[in-house]
Amino acid sequence: MLSRMPSLEGKVAIVTGAGRGIGRSHALALAAAGAKLVVNDLGAALSGEGRDDTPAQQVVGEIEAAGGEAAANGENVADFACAGRMVEQAIERFGRLDILVNNAGILRDRMLVNMTEDEWDAVIAVHLKGHFAPTRHAAAYWRERSKAGDEVRGRVINTSSPSGVFGNVGQANYGAAKAGIAAFTLIAAQELQRYGVTVNCIAPNARTRMTEETFDTSAPGDGFDPLDPGNMSPLVVALCADEAQSITGQVFHVWGGAVNALQGWTAGELFASDERWDADALLGALVERFPDGAAPPGMLAGMQAAGGRSLRAAQ
Ligand SMILES: NC(=O)c1ccc[n+]([C@@H]2O[C@H](COP(=O)([O-])OP(=O)(O)OC[C@H]3O[C@@H](n4cnc5c(N)ncnc54)[C@H](O)[C@@H]3O)[C@@H](O)[C@H]2O)c1
């Protein structure tokens, strides 16, 4: 069945890490909806090492073969100057920038007790700085357009992870970066609203080289494949439509056809006192309120809840 698609005709998008996996799906979907694309990808190994122009060029080829317009970019998103050049490339080549999808990522999983400084630094750099740097340059461009009197409808879509919002064992570096990206989304959304820019975030689930050891790698023979990376992209296209101008600062968990606007770090158990707590008394109150202790339920429990539960919709 062909579905109607919001038109992104005339818009220009950058997708980082778009040579493979989820980013590639986003780029193809945005192009199919009419956007012109800068397909960024360093062509790195899963660990972030090495580079290769081929993946980005292949996706450009796919977009062009389908009648769209695209340009490849091989910059490292974690480098501030490189990220600036990527934003400039979009503006110089296509005349404007409307959409930035921050998606590039790497993995260096290790239990905390064994994690090296390099494993920590590399993952924090690609994810956290790799979100800040392109967003910072795009935001400066949008502020300039807004101050010049243009009606800006800018879009930033960030990429967190179930690991960042629920917490996964073995991913202290990755999960901390991804939690940081969720917080970055909330702050950037509030700061950039005045310039007409929305900032949202996806916590995706898809079968890519990043998850081939976690998920069952075999795609189901027929029927709906909940782990197809393409399942992540309708949300990106929808959020980029003009009609989504007032939806911002949201973190969406996506599993197959279940898109869940998460609620994180809301007010919880209150221990109230009219004056400064005495530590002994507070300890007593904690132990009384949590007779079975208090500990995170783990990533799977969070994913299962987000995959099927709503706080608002009639179930
Ligand atoms: N696959 C999942 O289920 C899943 C779950 C949660 C989060 N994510 C996130 O989704 C995003 C995409 O992951 P994927 O599963 O498609 O992985 P992937 O490895 O298939 O794709 C990531 C791409 O990013 C590129 N890249 C890496 N470092 C880069 C850099 N410094 N500059 C530019 N490009 C760079 C790689 O070359 C690669 O093509 C990542 O941010 C990942 O953390 C994925």
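**Contacts, cores and charged pairs**

Q: With which residues is Arg108 in contact, leaving aside its neighbours within four places in sequence?
A: In this predicted model, Arg108 is found in the loop between β4 and α4. Once neighbours within four places in sequence are left aside, the residues in contact with Arg108 are Ser47, Gly48, Glu49, Met115, Asp118, Glu119, Ala122, Val123 and Asn173.

Q: Is Arg108 buried or exposed, and at what relative accessibility?
A: A residue counts as buried when its relative accessible area is under 20%. Arg108 falls under that cut-off and therefore counts as buried, its relative accessibility being 17%.

Q: Which backbone oxygen does the side chain of Arg108 reach, and at what distance?
A: Ser47 is among the residues in contact with Arg108. The side chain of Arg108 reaches the backbone oxygen of this residue, Ser47, at 2.7 Å.

Q: Is Asn40 buried or exposed?
A: Asn40 lies in strand β2, and the residues it touches, not counting those up to four places away in sequence, include Val15, Thr16, Asn73 and Met86. Because its relative accessibility is 2%, Asn40 counts as buried.

Q: How many residues has the largest nonpolar core?
A: Leu8, Leu30, Leu37, Val39 and Ile63 are the residues with the most contacts inside this core. Several elements, including β1, α1, β2 and α2, each supply at least two of its residues. In total, the largest nonpolar core has 31 residues.

Q: How many residues apart in sequence are the parts that Arg24 and Glu62 tie together?
A: Arg24 forms a salt bridge with Glu62, and the closest N and O atoms are 2.8 Å apart. Arg24 lies in helix α1 and Glu62 in helix α2, so the pair ties together parts whose separation in sequence is 38 residues.

Q: In the salt bridge of Arg153 and Glu151, which residue is exposed?
A: The side chains of Arg153 and Glu151 meet at 2.8 Å, N to O. Arg153 is partly exposed because its relative accessible area is 26%. With a relative accessible area of 64%, the residue that counts as exposed is Glu151.

Q: Which residue in β8 stands opposite His253?
A: Strand β7 runs antiparallel to β8, and four bridges join them. These strands form a hairpin with two residues between them. On β8, Ala258 and Asn260 make up the covered face, whereas Val259 and Ala261 make up the uncovered one. The residue that stands opposite His253 is Asn260.

Definitions and conventions. Residues numbered from 1 in each chain as written. Predicted model: local features only at pLDDT ≥ 70, side-chain atom pairs only at ≥ 80, totals over all residues. Heavy atoms only, no water. Buried < 20%, exposed > 50% of the residue type's maximum accessible area, 1.4 Å probe, protein only. Pairing = 2+ DSSP bridges. Polar contact = N/O pair within 3.5 Å; in protein donor to acceptor, adjacent residues only side chain to side chain. Contact = heavy atoms within 4.5 Å. Core = buried A, V, L, I, M, F, W, Y, C linked by side-chain atoms within 4.5 Å. Salt bridge = Lys/Arg side-chain N within 4 Å of Asp/Glu carboxyl O.
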